[in-house]
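My notebook is open, and here is what I looked up today. Have the structure ready beside these entries.

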Amino acid sequence: MKRLLLQLPLLLITLLLQLSLKAQDVKTINIQVDKPTVKIQPTMWGIFFEDINFAADGGLYAELVKNRSFEFAKPLMGWKEIQGDGGSGNSLIINRGNENINNPRFDRVTVKSNNGYYAIINEGFRGMGIQQGKTYNFSVLARKGAGNTKIHIKLLSADGKTSLGEADLQGFTTQWAKYTVPVTATATEAKGQLSVAFSNQGVLDIDMVSLFPQETFKNRPNGLRVDLAEKLADLHPGFVRFPGGCIVEGRDLANRYQWKKTVGNVEDRELIINRWNTEFPFRSAPDYFQSYGMGFYEYFQLAEDIGAEPLPILNCGMACQYNTGEVAPLDQLDPFIQDALDLIEFANGAVTTKWGALRAKMGHPKPFNLKMMGVGNEQWDVQYLDRYKLFAKAINTKYPTIKLVTSSGPSPSGDKFDYLQTELRAQKANFLDEHYYQSPDWFLQNAGRYDNYDRNSSKIFAGEYAAHIKEPKNAKESEVMNTWISALAEAAFMTGLERNADVVQMASYAPLLAHVDAWQWRPDLIWFDNLRSVGTPNYYVQKLYANNKGTDVVPALMDGKVLEGKDSLYVSSVIDKDKKLLIVKLVNTSTKDVAVSLNINQMVPQKCKWTELTSANYMDINTLDDPKKIYPVEKEIMLTKGVKWDDSVAGLTLKRGSVNVLTMTFPQTINIR
Ligand code: AHR
């Protein structure tokens, strides 16, 4: 009793402190958990893939040899010739023209003496990532001429002086055939090389020189780099948009993306220059081509492997309007439209159909269950509408259940945007694709962008977005644009997307991937070198939202209003009817900690998981060397009736500049309307 009396002043002070804090500072947010407003589509949070920044060749596609088929503009780009141990030989690039129209060139290697060797050394994509103890399959298409020339391959260190694994190939015949030999690396090297040495006097024709890790994502043949694909899978995206982006359009129509050239045998896929090779002179990449080793089949397979809906975007008969702006005449649009119809058959058709049979031959007799498709990327003006109408008519007639995604132009407002939105809504377009690369401030100002959109009109696909800060001078790290402030602003904005999930049914950050030594565009969601990858703060924001998607939006109100910036707070809440969860996302963009208390229909959650993402400085970034500087921290908090939220006397304290996700289960069944 005496002890209690002694403690009384302290208890009183605490109580007074609680009361005064509550009176002055605590924001009470009312969550109407029993009044769901709108459904959240399973597709809500997805990913946007484009072969920019070496995202496919040199990135997600696991091939380590650059220019494996000698089809680059300079046929030996990426290769270096060596005369070893007094040997003498040469490469002659031969074009077999009609004999193999898609992959015309091969290398005729002549070894002129039995002494020493002649070698060609491949530099990889800014080096080759080789890991100790991992096995790599070397393969080559070969045909012998005179003599019995042999091949000896070596994995080499960055300086070329140390061998990291070796293997031999011989016994070639006079007919083209594929030869494969495994080689296991004895050390790890981020910038390795591959030496292919030829000995014994004679002639050997070679093509499709490949070094491929045996281990790929889900061990798919011709598959994907494991760490990168796993990072995508961890997002649990609702859809995968592919193959872009501007790459769909091409700088001109000849260089547009044509899906039919990306399927079938890998050696029959016709390589083209990557549009990002020359797009930005200050970041030019003369060695950037599209081998299409990762083509439409691989994209569909990826989507299936990570449980996402495939969302292909096709060229609509228009090249990039920022470049040539070439258009196919309306009376010559049929081949473009036919490509779209055939793609649906490739994805969904019976194995007895022409394109369904190809899918089956490639290893996937079951349909991919394609449900939607984009017509054009960032197109605008009447030229687009004219072409879209013809596509829509043909696709809707033959495949009425396929939903179409249409362009809103390159910007989120302005004449081009208004014109397309008005016209396409009048035509009852299914999805309008909106793009915004804007300042963090724009994202904060626009958290309520969709509150007043027409609920009964076309739906929105926020198909490309990212908060861009002003480029800091002399920034050393590539990841420097993926600052904490940009991620925070996106998180705030995304509460508005989620709250309006009846209107915005799909959203994807862009671009997705970037090689630290070979990027053209930044910021990007995931950065990588040849061995490592790092999720940016923006990645963790995407992950938090996509992994806590819920099934229905429920109101989260302060003073009867949604929180879209008042007192620098951005809040959205959802329930997951299947898992019986309430999930509240709270973003505090202010420079002060903010105390909140949640009134959830007077109920007390049984358990609460609090995931917090924050950082001390707005310019903080994650790098390959410090990948978890900004990383979600999870803790369980206990809540009891009558007791305030943990961690602060007055409630839950949201740190200055923080993204918070509360996941709660309830003891009683939620009585939902
Ligand atoms: O994401 C990079 C580019 O931005 C895309 O290719 C294009 O659609 C947009 O302009």
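**Loop between β14 and β15.** I looked up G245 and found this residue in the loop between β14 and β15. Here strands (E, at least two residues) and helices (H or I, at least four residues) are DSSP runs, numbered from the N terminus. The peptide bond from G244 to G245 is cis, with omega near 15°. P243 has its place in the loop between β14 (239–242) and β15 too, and the peptide bond leading from F242 to P243 is cis, with omega near 0°.

**Ground rules.** I am working with a predicted model, in which local features need pLDDT of at least 70, side-chain atom pairs count only at pLDDT 80 or more, and totals for chains, interfaces and linings use all residues. Residues are numbered from 1 along each chain as its sequence is written, and side-chain values use heavy atoms, with hydrogens and water left out.

**Other loops.** Next I checked N53, which lies in the loop between β2 (47–48) and β3 (79–84). N53 is not a glycine, yet its phi is positive, about 65°.

I then turned to F280, placed in the loop between β15 (272–273) and β16 (289–290). Which residues does F280 contact, leaving aside its neighbours within four places in sequence? I found Q520 and W521, with contact meaning heavy atoms within 4.5 Å. F280 and Q520 are 240 residues apart along the chain, and their C-alpha atoms are separated by 7.0 Å.

T174 sits in the loop between β10 (163–169) and β11. With neighbours within four places in sequence left aside, T174 is in contact with R143 and K144. From T174 to K144 I noted 30 residues in sequence and 4.8 Å in space, C-alpha to C-alpha.

**Helix pair α3 and α4.** I moved on to helix packing, where axes are lines fitted to C-alpha atoms, over the stretch in contact for helices, and angles run from 0 to 180 degrees between N-to-C directions. α3 packs with helix α4 (residues 334–348) at an angle of about 50°, their axes 11 Å apart. That makes α3 oblique to α4; angles under 35 degrees count as roughly parallel, over 145 as roughly antiparallel, 65 to 115 as roughly perpendicular and the rest as oblique. F296, Y297 and F300 of α3 meet L343, F346 and A347 of α4. I sorted this contact of α3 with α4 into six nonpolar, no polar and no charged residues. The classes are Ala, Val, Leu, Ile, Met, Phe, Trp, Tyr, Cys and Pro as nonpolar, Asp, Glu, Lys and Arg as charged, and the others, Gly among them, as polar.

**Helix pair α4 and α5.** α4 and α5 have their axes 7 Å apart and pack at about 45°. That makes α4 oblique to α5. The contact is formed by D342, E345, F346, A347 and N348 of α4 together with K354, W355, G356, L358 and R359 of α5. By class I have four nonpolar, two polar and four charged residues in the contact of α4 with α5.

**Helix pair α9 and α10.** Helix α9 (residues 484–499) packs against helix α10 (residues 537–546) at about 25°, with axes 8 Å apart. That makes α9 roughly parallel to α10. Among the residues in this contact are W484, M494 and E498 of α9 and P537, V541 and Y545 of α10. The contact of α9 with α10 holds seven nonpolar, four polar and two charged residues.

**Pocket and cavities.** For these I used a 1 Å grid over the protein atoms alone: a cavity is a set of points where a 1.4 Å probe fits but cannot get out, a pocket is an open set with protein on both sides within 12 Å along at least five of seven lines, and lining residues have an atom within 4 Å of a point. Grid points are joined across faces, edges and corners, and a volume is the space filled by probe spheres set on the points.

The largest pocket holds about 850 Å³ of space. Of its 35 lining residues, K178, P221, N222, G223 and V266 are the closest to its centre. Which element gives the largest share of the lining of the largest pocket? I found α3, with five residues. The lining of the largest pocket divides into 14 nonpolar, eleven polar and ten charged residues.

I also noted four cavities of 30 Å³ or more. The largest cavity has a volume of about 170 Å³. Among the 20 residues lining the largest cavity, R68, S69, F72, L271 and S291 are the closest to its centre. Eight nonpolar, five polar and seven charged residues make up the lining of the largest cavity.
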